[in-house]
Amino acid sequence: MNVHPRLIISLGIHSAAIIAFQLALMQLISIVQWHHFAYMIISIAMLGFGASGTLLALGREKLLRMSDWLVPLLMTASGLFMMVAFHITRFEVFQFDVYLLFLERSQLPVLAANYIIFFVPFFAGALAIGIIFIKHASQIGTYYFSNLIGSGIGGIMVLFLFGNIFPQQVPPLIGLLSVISGLLSMPAKFRGGHIGLAAIALLVAIFLIRQPGPIPISEYKSLAQTLNLPEAKVIHSEPDIHGLIDVVDSPALRYAPALSLSFTGEVPVKKNIFVDGNFFGVIPKYEEGQTSHILDYTTEKLPWVAGDRQKILMINAGEGAPLTHAFSHSPTHVDAIIANEGVVNLMQDRFAEASGNLFHHDKLHIHSVEARNYLASIEKAGYDLISLPQQDAFGGTAGINALEENYTMTLESFELMWDHLSPEGVIKISAWTDYPSRTNLKLLATLVETAKNQGVENPSKHLAAIRSWGTITFILKKTPLEKEEINRIREFSAERYFDPLLLPGITPEERQRYNSIEDEAFFSYVDRIVEGDEDFLYAYGFMIHPATDDKPYFSQFLKLGNLRKLSDLFGGGQVPFLELGYLVVVVTLAQSILLALLFIVAPLLRLRKSKRGKIGTLFYFGALGVGYMFVEIILIQRFVLYFGHPVYALSAVISTMLIASGAGSLSSGKLPAIPRSHVSIGMIITLMLLFYAFFLTPILQNTIASPITVKVMLSLMLIGIPSFFKGMMFPLGIRYLSGYDPGQTPWAWGINGSFSVISTSMAMLIAVQAGYIVVMMVAVICYAVAFGVFALHSIFFKVKQP
């Protein structure tokens with residue numbers, strides 16, 4: 001069978017549209033709900049591929065007979081549904097309440113409707129790709145190459161779109177690509193009627209791009225809640241590669257975070273900045289020569305109470321409110337880490353005057369990178385203060401950030417901060433109080449462990465903390481706190497009606513003089529952590545061990561083994577409000593397993609007459625599906641820290657993996673589809689991943705401060721080389737099956753997609769519970785299973801030769 005250039009080009013364009021649509025939908029759902037719902041979208045996408053394989057297995061011959069006109073029609077239909085899917089879910093009848101999902105069954109049909117709506121474009125698009133693969137199985141390397149190269153380009157393309165147009169305008173534009181691929185691949189004799197459908201799709205795209213409409217943000221997100229305030233309105237909105245930026249103004253927006261009851265002044269009105277619907281900060285008003293600040297009436301003043309701070313590092317300084325506080329204490333040098341360049345540009349340009357030209361201050365140096373990258377790239381700086389942003393939120397966050405990687409809050413990060421302190425320098429961090437206590441205990445455990453790892457025998461002499469009615473602020477000093485510092489902290493606490501929580505020589509009476517709490521066990525928890533009681537950390541009902549680079553989930557507190565205990569203690573209906581993000585992924589995994597089993601078992605009814613090799617097909621293509629996705633997710637997490645920008649890491653890893661895999665797929669056509677080829681390539685991949693499991697992190701850590709050109713070249717090699725070989729395994733397997741039992745090839749396509757569905761959420765859960773090294777070892781096992789199937793092909797496929 002000859003290779004068809006127009007079909008190959010159409011396949012590449014269509015593949016670019018599918019991956020771009022997946023990423024665009026993840027971004028939109030992150031705005032509407034939260035980022036952990038992105039795993040649901042990935043599952044839906046892969047579900048479409050699994051379902052298409054099932055249909056191909058059940059109706060292979062009929063679908064192949066209609067393929068000349070059906071494939072272009074499916075591409076066009078997929079593009080049309082890409083355009084309208086998200087816009088359909090904006091109707092009120094399709095909007096679900098994320099919290100009520102765990103409490104009311106009435107929300108399940110609404111969620112199911114969302115699944116179906118998002119499933120359709122992926123299913124239609126995947127079915128078109130599957131038909132092409134099955135029909136041209138003998139040239140699978142060439143067609144799979146086009147598929148992967150197109151997908152890689154799509155991953156890069158969507159980043160450009162995110163930075164230049166609003167998120168809700170992206171799907172209609174992407175859908176046009178699949179419509180174009182349908183026109184390009186349609187035979188001339190069928191093209192007449194197809195042009196009419198394409199014209200309708202074009203009109204729909206133009207309308208939706210010109211009239212994108214609002215994004216229906218969840219009522220629980222901070223932007224939606226803020227817009228309920230009197231006269232609240234969005235005064236500025238702009239797309240950015242880091243997220244959708246909105247600025248809201250209202251006379252009711254006043255900035256007073258856990259303000260002391262001793263404050264008698266006027267609370268200022270501030271405009272608020274939101275990114276993807278989440279509160280980012282307030283636009284401050286800097287005044288030259290200002291010597292007092294409203295934050296002086298909060299626990300945030302603690303580091304300045306203890307001593308003078310001339311050289312300061314503000315980590316994740318946001319929109320600049322912490323900076324105005326720092327400048328009110330007359331520092332000589334302030335470094336501010338603000339990774340979101342869109343917000344920086346906003347404050348330097350449009351809102352420069354409103355903020356008193358704060359971001360143009362001559363003593364301010366802004367660095368638009370992640371904190372870890374900055375700290376690793378400079379010599380020991382000798383900061384008098386390293387200030388981290390306030391953690392959690394008033395009233396808690398219901399665990400919505402449980403699966404968010406935060407390399408700034410890992411133990412390794414705090415140890416790096418310690419190295420950059422001056423002899424009298426301190427690390428400062430605050431958090432809102434929560435119940436049951438999790439965030440503050442984990443912060444304290446991290447500070448204590450940091451001090452111990454730096455050779456401090458008695459961390460209690462280096463720690464101070466004060467507590468208001470709403471927040472707790474901690475400082476960790478490089479040298480022991482002196483008597484004068486301790487006295488100043490006591491005096492300040494009394495003046496502001498705060499209570500010392502940690503001080504050398506503190507008495508029990510001091511801790512609840514002004515702000516009483518019902519659960520006094522909290523104080524014993526604090527003392528046991530400071531004393532280094534490891535048994536307490538293990539026995540506590542929540543995960544409060546310090547986060548590490550291997551498990552960088554600072555906001556993940558849930559212990560699966562304690563679910564029943566938590567349910568009995570707080571009531572089953574309250575558990576989702578404690579750890580929502582984690583539970584969403586658990587539910588996603590459960591439903592993925594059920595649906596994947598359906599798509600794997602159903603074709604067996606069609607293949608029941610086949611007596612040979614079904615176990616081998618299941619193990620081989622299932623292992624490839626899990627292994628590939630596990631490696632992808634781990635590389636994304638590792639390179640988030642390496643590049644310092646999650647968006648760049650996502651694009652770099654996905655695009656490089658797909659393009660390199662495409663090159664491997666094309667090269668696989670030169671290899672014979674015999675067991676020896678599968679075994680050789682599989683062994684190479686297995687050994688490489690085994691090496692990565694133990695040495696990838698040290699390599700990245702030792703080169704994180706290298707010039708960007710060196711980092712890019714090294715990344716291309718580290719990601720591209722194993723991906724090149726991984727790209728060979730799938731087409732080699734399909735070619736083998738096409739000569740061994742062609743009826744199993746669509747089933748293999750479905751198995752690969754179905755196991756990929758399971759692996760996306762499973763990889764995250766394993767990473768949270770056991771760490772990245774374990775996830776990579778599972779990938780190693782998967783590829784070992786894959787080549788093991790062909791090493792023992794006489795058993796699995798019941799033949800001596802293909």
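Visitor: Let's start with Lys477: does it count as buried or exposed, and at what relative accessibility?

Guide: Lys477 counts as buried, because its relative accessibility is 0%. (Buried means under 20% relative accessible area, exposed over 50%, and partly exposed in between, using a 1.4 Å probe and protein chains only.) Before we go on, keep in mind that this is a predicted model, where local features need pLDDT of at least 70 and side-chain atom pairs count only at pLDDT 80 or more, while totals for chains, interfaces and linings use all residues. Residues are numbered from 1 along each chain as its sequence is written, and side-chain values use heavy atoms, with hydrogens and water left out.

Lys477 makes a salt bridge with Glu424, and their closest N and O atoms are 2.8 Å apart. (That takes a side-chain nitrogen of Lys or Arg within 4 Å of a carboxyl oxygen of Asp or Glu.) Lys477 belongs to strand 11 (residues 471-477) and Glu424 to strand 9 (residues 421-432), so the pair ties together parts that are 53 residues apart in sequence. (Strands here are DSSP runs of E, at least two residues, and helices are runs of H or I, at least four; both are numbered from the N terminus.) Glu424 counts as partly exposed, because its relative accessible area is 36%. Glu485 joins in as well: Glu424, Lys477 and Glu485 are linked in a network of salt bridges.

The structure holds 11 salt bridges, so let me point out a couple of others. One of them brings together the side chains of Arg372 and Asp549, at 2.9 Å from N to O. Arg372 lies in helix 13 (residues 371-377), and Asp549 sits in the loop between helix 18 (534-539) and helix 19 (563-570), so this pair ties together parts 177 residues apart in sequence. Both Arg372 and Asp549 are buried. Then there's Arg438 with Asp434, whose closest N and O atoms are 4.0 Å apart. Arg438 counts as buried at 9% relative accessibility, and Asp434 does too, at 12%.

Next, some strands. Strand 2 (residues 245-249) is largely enclosed by the rest of the structure, because four of its five residues are buried. Strand 1 (residues 233-238) pairs with strand 2 in the antiparallel sense, over five bridges. Look at Ile245 in strand 2: Glu238 stands opposite it, and its bridge partner in strand 3 is Val275.

Finally, the rings. Lys711 has its charged end over the ring of Tyr642, 4.9 Å from the centre, and the charged end of Lys311 sits over the ring of Tyr383, 5.3 Å from the centre. (For this, NZ of Lys or CZ of Arg must be within 6 Å of the ring centre and within 35 degrees of the ring normal.)

Methods:
Two strands pair if DSSP finds at least two bridges between them.
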